[in-house]
Amino acid sequence: MVTADLSLIFAGVKFKTPVVVASGTFGFGREYGEYFDLNDLGGICVKGLTVKERPGNPPPRIAETPMGILNSVGLQNPGVDAFISGELPNLRRFDTNIIANISGNTVEEYCEMAEKLSSAKVDLIEVNISCPNVKAGGLAFGTSCQSAALVTREVKKHAAVPVMVKLSPNVTDIAEIARAVEEAGADALSLINTLLGMRLNIETFRPVLRNNTGGLSGPAVFPVALRMVWQVANAVSIPILGMGGISTGADAVEMLIAGADMVSVGTALFADPYAPLSVTRGIKAFMERKNIKSVTDLTGRILPY
């Protein structure tokens, strides 16, 4: 039996394992660090950052759904400067890669954060293009090829570390957006972000969430995420971080076979803080059972009919 090698190079950065934790589900690692050694993670994608501190949306902003949750937290965070001075030094104590997720309402905001985080020496920058472009009437950057490419191109000019763009699933053709982002210079892609959803309280006739709608995540979205990763993997040549409902090693293996180079665990953390570790063990056990030496040999092994 072979000994599985889980290490890989992703967008020029070496990872110990292909499993990272998703932005918005892990905070800045302090709470989960009380459960397990953060050195065991391939990487930490920190809570989404904005230029200035944001209090987020008013509650209620979390609602359980069958096999998932809806959230409209609203990017609550201390701001990029407070993250760099107050949170990044603690994260840097661990032997794991730090991925900074950034959200902006203008291209200039994205660029400002990319410069600051590059100087602070995070390992990668993940650009959330699901944010409203205030200069284009509030439409999300990620809903058109032109705006997705624009923010990617400009961020690349200001970033000294690899740039990964996080794609929204709330589009007609995600592969088209992926190609536009790749052509604009992205080093990698991450997908999917949450699916737009809604629940109602039938006693009050009001939405369950104060924001009316929210992002759906969890096991319910996994088949959609898998399909989109497969489509994008067939459309681009840059590496892909696949996410959306992954909660077991088998889920992760599926995502890798569909075309992802790495995987991210998110909502599963709320039910099981140890989920990223069990997912990693599951990948390793599968590889050794199948006599697959390197995790890179799993990527794109799908045999479609």
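Student: What does Tyr35 count as at 46% relative accessibility?

Tutor: The model is predicted, and the value is computed from it. Buried means under 20% and exposed means over 50%. At 46%, Tyr35 falls between these limits, so it counts as partly exposed.

Student: Which residue forms an aromatic pair with Tyr35, and in which loop does that residue lie?

Tutor: The two rings of this pair are 6.0 Å apart centre to centre, with 80° between the planes, which is edge-to-face. The pair links parts of the chain 239 residues apart, and Tyr35 itself lies in the loop between E3 and E4.

Student: Which residues form one aromatic cluster with Tyr35 and Tyr274?

Tutor: Tyr35 and Tyr274 pair edge-to-face. The cluster that holds both also contains Phe26, Tyr32 and Phe36.

Student: How many aromatic pairs are there in the whole structure, and what is the angle between the planes of Phe28 and Phe83?

Tutor: A search of the whole structure finds 7 aromatic pairs. One of them joins Phe28 and Phe83, with centres 5.4 Å apart, and it is classed as tilted. Phe28 lies in the loop between strand E3 (19-21) and E4 while Phe83 lies in helix H1, so the pair ties together parts 55 residues apart in sequence. Both residues are buried, and the angle between their planes is 40°.

Student: Which residues of H1 are buried, and what arc do they cover around the axis?

Tutor: In H1, the buried residues are Val80, Phe83, Glu87, Leu88, Asn90 and Leu91. They lie on the same side of H1, because the arc they cover around the axis is only 145°.

Student: Which strands and which helix do the buried residues of H1 pack against?

Tutor: The helix they belong to, H1, spans residues 80-91. Its buried residues pack against strand E4 (43-45), strand E7 (97-102) and helix H2 (107-119).

Student: How many residues of E7 are buried, and which of them point the same way as Ile99?

Tutor: In E7, 6 of the 6 residues are buried, so this strand is largely enclosed by the rest of the structure. In a regular strand the side chains alternate between the two faces of the sheet. Ile98, Ala100 and Ile102 point one way from E7, and Ile99 points the other way together with Asn97 and Asn101.

Student: Which residue of E8 is the bridge partner of Asn101?

Tutor: E7 pairs in the parallel sense with E4 over 3 bridges, and there Ile44 stands opposite Ile98. E7 also runs parallel to strand E8 (residues 124-128), joined by 4 bridges. In E8, the partner of Asn101 is Glu126.

Student: Which strands stand at the edges of the open sheet of 4 strands?

Tutor: The order of this sheet is E5-E6-E14-E11, with antiparallel pairing. An edge strand here has a single partner strand, so one side of it is left without a neighbour in the sheet. The strands in this position are E5 (62-65) and E11 (195-197).

Student: What is the bridge partner of Leu196 in E14?

Tutor: E11 and strand E14 (residues 214-217) pair in the antiparallel sense over 3 bridges. The bridge partner of Leu196 in E14 is Gly215.

How values were computed:
Residues are numbered from 1 along each chain as its sequence is written. This is a predicted model: local features need pLDDT of at least 70, side-chain atom pairs count only at pLDDT 80 or more; totals for chains, interfaces and linings use all residues. Side-chain values use heavy atoms; hydrogens and water are left out. Helices (H or I, at least four residues) and strands (E, at least two) are DSSP runs, numbered from the N terminus. The expected span of a helix is 1.5 Å times one less than its number of residues. Buried means under 20% relative accessible area, exposed over 50%, partly exposed in between (1.4 Å probe, protein chains only). The arc is that of the directions from the helix axis to the C-beta atoms. Contact means heavy atoms within 4.5 Å. Two strands pair if DSSP finds at least two bridges between them. Rings of Phe, Tyr and Trp (its six-membered ring) pair if their centres lie within 6.5 Å; planes under 30 degrees apart count as stacked, over 60 as edge-to-face and the rest as tilted.
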